[in-house]
Amino acid sequence: MNNSQIVFLIGFMGCGKTTLGRKLASRLGYPFFDLDHLLEEQAGMSVTEYFSSFGETAFRLAEAEILKQTAYGETAVVSTGGGLPCHFDNMDWMNAHGKTIYIQLSPKTLASRLEHGKEHRPLLRDKHGDELVTFIAEKLAERESFYQLAQIIADGISLTAERVEEILKG
Ligand SMILES: Nc1ncnc2c1ncn2[C@@H]1O[C@H](COP(=O)(O)OP(=O)(O)O)[C@@H](O)[C@H]1O
Ligand SMILES: O=C(O)C1=C[C@@H](OP(=O)(O)O)[C@@H](O)[C@H](O)C1
Ligand SMILES: [Mg+2]
């Protein structure tokens, strides 16, 4: 029997990839990887500092490199950054190496979750209120076709690690 399983969580900033990924990994007894945290460790600086020092293009190259070079082992839960599936062949690579789950939420719900965490997200930090919702709606529309390539699409409202485990078992 093949017991290998790498689960990639994808979706827009604020959909809960990091929070849910950590819980899911603990539930399944799998190692947890958050690609933004790996990049921060390797670069020795925060994602925000990385964007301001090197720019978004360099960040996209670095996150793709970390996605593909990390030794995940046989089982893992991997939380990606929100933009990662939309660059290079990252989405195809994740579909070929594991199970991809898109955590889907509306721009309004995402904005309400992000209002307090946006200083850590360089793409959002200067946006407020309705302007934040509009920005998310536009960016999500650009990204949606990539996210839709996921093998599993899950409604992010009240999504729990337990529910994701059930979905994975089929
Ligand atoms: N299921 C949830 N319900 C409500 N808020 C949540 C939920 N999951 C995460 N959050 C909150 O939303 C924000 C973004 O979560 P995070 O896990 O960092 O998302 P992502 O990694 O997808 O950007 C955090 O403030 C987090 O506490
Ligand atoms: O959507 C994006 O372009 C980004 C999402 C962030 O990760 P989260 O989705 O975990 O916030 C982080 O990778 C960076 O700020 C860029
Ligand atoms: Mg995250």
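In what order do the elements of the protein run from the N terminus on? The order is β-α-β-α-α-α-β-α-β-α-α-β-α.

**View 1. Whole chain of the predicted model.** The protein has 8 helices and 5 strands (DSSP runs, H or I of at least four residues for helices and E of at least two for strands, numbered from the N terminus). Its radius of gyration is 15 Å, close to the 15 Å that the globule rule gives for 170 residues, so the protein is as compact as a globular protein of that length (taken over C-alpha atoms; the rule is 2.2 Å times the number of residues to the power 0.38). This is a predicted model, in which local features need pLDDT of at least 70, side-chain atom pairs count only at pLDDT 80 or more, and totals for chains, interfaces and linings use all residues. Residues are numbered from 1 along each chain as its sequence is written, while chains are lettered from A and ligands numbered from 1 in the order in which they are written.

**View 2. The open sheet.** Five strands, paired in parallel, follow the order β2-β3-β1-β4-β5 (a pair needs at least two DSSP bridges). β2 (32–34) and β5 (152–155) are the edge strands, each with a single partner, so one side of each lacks a neighbour in the sheet.

**View 3. The pairing of β2 with β3.** β2 and β3 (residues 75–79) are joined in the parallel sense by 3 bridges. Phe33 has Val78 of β3 as its bridge partner.

**View 4. Helix α1 on the sheet.** Helix α1 (residues 17–28) packs on the sheet and touches β1 (5–10), β2, β3 and β4 (99–104) (contact: C-beta atoms, placed from the backbone, within 7 Å). The direction of α1 makes about 170° with that of β3 (axes are lines fitted to C-alpha atoms, for helices over the stretch in contact; angles run from 0 to 180 degrees between N-to-C directions).

Conventions
Contact = placed C-beta atoms within 7 Å.
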